[in-house]
Amino acid sequence: YNAQFKDGSFEVMNINASGAIDFPLQSSASIYASGDMSFTERYGYDTPKTITYDTEAYDIQSEFNTTNNTLTLTKAGIYYISFKAAITPGDSDTNVFMAQIRNATGVMQSARKTISNLSDHTYGYISVCGMFNIVTVPYSITFCIAIYNGSTSSTVESGQTKTYAFYRKIT
């Protein structure tokens with residue numbers, strides 16, 4: 001048994017036979033990097049490096065652009081936005097990284113992490129997330145990494161479970 005809820009001719013919610021609920025008009029996506037990214041220099045707070053997310057696990061409203069790595073929200077509301085990056089430092093020095101969710105005017109949310117003494121090149125994770133009230137649309141967002149000190153030959157590891165971003169419109 002499936003139940004469909006419509007607003008005119010648009011399906012706004014479906015409930016399938018197992019009880020799973022689907023919102024076909026809701027903004028939601030999961031994106032990830034399919035290839036490693038190398039850092040060849042330090043990138044500061046105001047000049048971070050944008051993460052190359054080139055693969056979409058799903059993107060219900062086609063709001064993420066894999067060519068320019070920009071999420072463009074088209075509907076006002078409250079969004080949950082997060083991203084995580086797996087980073088392998090190029091040496092065993094202390095490396096300080098910052099993950100940033102940025103809009104056109106600067107940082108919306110950030111997290112800072114020290115990844116050190118990884119002489120076996122095991123990666124460390126840095127992540128950032130938040131709830132954001134988006135009022136003016138369209139609204140563009142990028143996901144970035146800044147390197148403060150340590151190796152300039154660090155690598156952002158690829159893969160759907162290592163370096164990815166996720167967002168969903170809540171209201």
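Aspartate 7 stands opposite phenylalanine 10 in β2. Strands here are DSSP runs of E with at least two residues, numbered from the N terminus. The model is predicted, so local features need pLDDT of at least 70 and side-chain atom pairs count only at pLDDT 80 or more, while totals for chains, interfaces and linings use all residues. Residues are numbered from 1 along each chain as its sequence is written, and side-chain values use heavy atoms, with hydrogens and water left out.

β1 and β2 run antiparallel and are joined by 5 bridges; two strands pair if DSSP finds at least two bridges between them. They belong to an open sheet of 3 strands in the order β1-β2-β3, with antiparallel pairing. β1 (3-7) and β3 (21-22) each have a single partner strand and stand at the edges, so one side of each is left without a neighbour in the sheet.

Valine 12 lies in strand β2 (residues 10-15). With a relative accessible area of 31%, valine 12 is partly exposed, a class between buried (under 20%) and exposed (over 50%), using a 1.4 Å probe and protein chains only.

Elsewhere, nonpolar residues form a core, meaning buried Ala, Val, Leu, Ile, Met, Phe, Trp, Tyr and Cys residues joined through side-chain atoms within 4.5 Å. The largest nonpolar core has 33 residues, of which Tyr53, Phe83, Ile101, Ile141, Phe143 and Ile145 touch the most other members. Strands that each supply at least two residues of this core include β10 (77-88), β11 (95-103) and β14 (139-149). In soluble globular proteins, nonpolar side chains tend to be buried together.

Conventions. Helices (H or I, at least four residues) and strands (E, at least two) are DSSP runs, numbered from the N terminus.
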